[in-house]
Amino acid sequence: MFRIDDPKVGANMNEKLDKEKELWNKINLLREEMVRTASKKNLDFLDDEVLALSQALNKLLNEYEKLLHEK
């Protein structure tokens with residue numbers, strides 16, 4: 001059984017939180033870039049560049065969701 005004061009558990013929790021924070025920052029930056037790009041393209045979300053950013057954002061969101069559900 002794991003204890004919260006176990007150094008290994010604490011280190012793993014910190015590592016997971018750091019990864020979560022880093023991934024969330026990447027998601028926010030990419031979302032902002034997608035909105036800026038779409039705005040420049042008159043909100044054409046079917047534009048190839050906007051679609052590529054949207055797909056990259058989706059990939060990061062899926063990775064973030066997996067990270068949240070890891071045990």
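Of the 71 residues of the protein, 20% count as buried (under 20% relative accessible area, with exposed over 50% and partly exposed in between, for a 1.4 Å probe and protein chains only). The model is predicted, so that local features need pLDDT of at least 70 and side-chain atom pairs count only at pLDDT 80 or more, while totals for chains, interfaces and linings use all residues. Residues are numbered from 1 along each chain as its sequence is written, and side-chain values use heavy atoms, with hydrogens and water left out.

**Exercise 1.** Determine which residues of α2 are buried and how they are arranged about its axis.

*Solution.* Begin with the buried set, which consists of Val 50, Leu 53, Leu 57, Leu 60, Tyr 64 and Leu 67. Viewed down the axis of α2, these buried residues fall within an arc of 100° (taken from the directions from the helix axis to the C-beta atoms), so they line one face of the helix. The face turned away from the buried side carries exposed residues, namely Asp 48, Gln 55, Lys 59, Lys 66 and His 69.

**Exercise 2.** Find the aromatic pair and classify its geometry.

*Solution.* The ring centres of Trp 24 and Tyr 64 are 5.1 Å apart and their planes stand at 40°, so the pair is tilted. Because Trp 24 belongs to helix α1 (residues 7–40) and Tyr 64 to helix α2, the pair ties together parts that are 40 residues apart in sequence. Finally, Trp 24 counts as partly exposed at 38% relative accessibility, whereas Tyr 64, at 15%, counts as buried.

Definitions and conventions:
Helix = DSSP H or I, 4+ residues; strand = E, 2+ residues; numbered from the N terminus. Phe/Tyr/Trp six-rings, centres within 6.5 Å; stacked < 30°, edge-to-face > 60°.
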